[in-house]
Amino acid sequence: MHVAVIGAGAVGVTAAAELAVAGAGVTVFDRGDPGSGSSGRAAGIVYDAYAEDIDAELAARSVEAFRRLSGTGGFEFVDCPYVFLAREGDEQVAEAIAGSVERMRHHGRDVEVLTADELERRFGDSLVVDDVAAAAVAHDAGWADPASYVEMMADRARAAGVEFRTGRAVGLDVDLPGVVVGATVERFDAVLVAAGAHTKQLFADAGVPVALKPYRVQALTSTTPYDGPMCFDASVDVYFRPHSTGLLGGDGTEPVEADPDDWDREADDWFVEGLGRELDTRADYALDVDRSWAGLCTATPDGDPLLGEVVDDVYVAAGWQGHGFMRAPATAAAVAEEIRGGSGIEPFAPTRFEGDEAFPIFQGMTVETGKSGESEELEESGESEESEE
Ligand SMILES: Cc1cc2nc3c(=O)[nH]c(=O)nc-3n(C[C@H](O)[C@H](O)[C@H](O)COP(=O)(O)OP(=O)(O)OC[C@H]3O[C@@H](n4cnc5c(N)ncnc54)[C@H](O)[C@@H]3O)c2cc1C
């Protein structure tokens, strides 16, 4: 069996390595270098704190894989607790934290609700907590540099016999199936499209709509030291973690569909200023920006990924809602297994959508509240679809 993988991000290289180790011939295509898409721009936050069973299972397996791979090929996974919290006055999110922690624990995740005293005692040295209404901590969590993960996994893939063809954008042919390279279509037994923000476009050009929208998010690093826990302040949608330069923080979601070929790679002033304010409030932290940037994530109508067969022998792995890196080891393994004849993950099957659905974009990092994000499209059209997120 010879499989083509379009996209050498965290997902594509992991799937390629899995397929090759299982005996398949694999060719990976990337328009740039491995990791040059969203994986090279990601914050690298990893946790297994998901309230839904499949997510929790995939995330837990991924945390295990990150720990196992840490120390190989320049890749390091740093264990670090993940605190998520709601501010006083934000009752909806505060209640959602309690409810989702119960479900996470039900799925065997090592997550606990913290009383105000516990929060102060355990994290009061690095976080300001006197305005916190509800908080929880996930222990199976940590951070890593996603670019070094891709590099390490690409090396493993090469060692298992995977061929990499980089530096050229390719197209998709769903009939053969095949990969369009310039004027030629190369035939494969199966094609996996793991092309991140370009995935929708690749399928659209091949005449197959998929329910995906790229959207822009932002992050920065700062040189002031920070050695506290990873933290997500769900009331203001801001996250931060320790980083080799000091701190990495982000969100700055723009909830509108982005053009994957024409978007602003620089962070906006409003994002940098806003994050500076929130870091001061939450961690008494003085922002001293080292680098700031934007990147693209992909949204789906229900917030779950599109993972599996779209049409005969053509597969997709995309739509991670800002959580693609932390689940990459397990989601890539799952789609590789499906390509080899396994059953796949039914609730994530891309065929659950027609592909032409209208849907609003919700930011990825969130506590599952049902709290709706702002959506320009909804505001403009007056539509009233509800996200299940
Ligand atoms: C600022 C930011 C912070 C983030 N933080 C986190 C986080 O903390 N934790 C987390 O889990 N996730 C995070 N994410 C999300 C994460 O980056 C993505 O979900 C993940 O990297 C997706 O990996 P991927 O392999 O699917 O896609 P990508 O890494 O985007 O890879 C797709 C590849 O396809 C290639 N490609 C596209 N079109 C073509 C074509 N026509 N021909 C050939 N190649 C093509 C691209 O060059 C690219 O290399 C963040 C994202 C951003 C932008």
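Residues are numbered from 1 along each chain as its sequence is written. In this predicted model, local features need pLDDT of at least 70 and side-chain atom pairs count only at pLDDT 80 or more, whereas totals for chains, interfaces and linings use all residues; side-chain values use heavy atoms, with hydrogens and water left out. The average pLDDT (the predictor's confidence in each residue, from 0 to 100) is 93 for the protein, and 93% of the residues score at least 70.

Tyr47 and Tyr82 are stacked, at 4.2 Å centre to centre and 20° between the planes. Tyr47 belongs to strand 3 (residues 45-47) and Tyr82 to strand 5 (residues 82-87), so this pair ties together parts 35 residues apart in sequence. Strands (E, at least two residues) and helices (H or I, at least four) are DSSP runs, numbered from the N terminus. Both Tyr47 and Tyr82 are buried (under 20% relative accessible area, with exposed over 50% and partly exposed in between; 1.4 Å probe, protein chains only).

Phe75 and Tyr149 form an edge-to-face pair, because their planes lie at 75°, with ring centres 5.5 Å apart. Phe75 has a relative accessible area of 0%, and Tyr149 likewise has 0%. Ring pairs link Phe75 and Tyr149 with Phe66, Phe77 and Phe325 into a cluster.

Notes:
Phe/Tyr/Trp six-rings, centres within 6.5 Å; stacked < 30°, edge-to-face > 60°.
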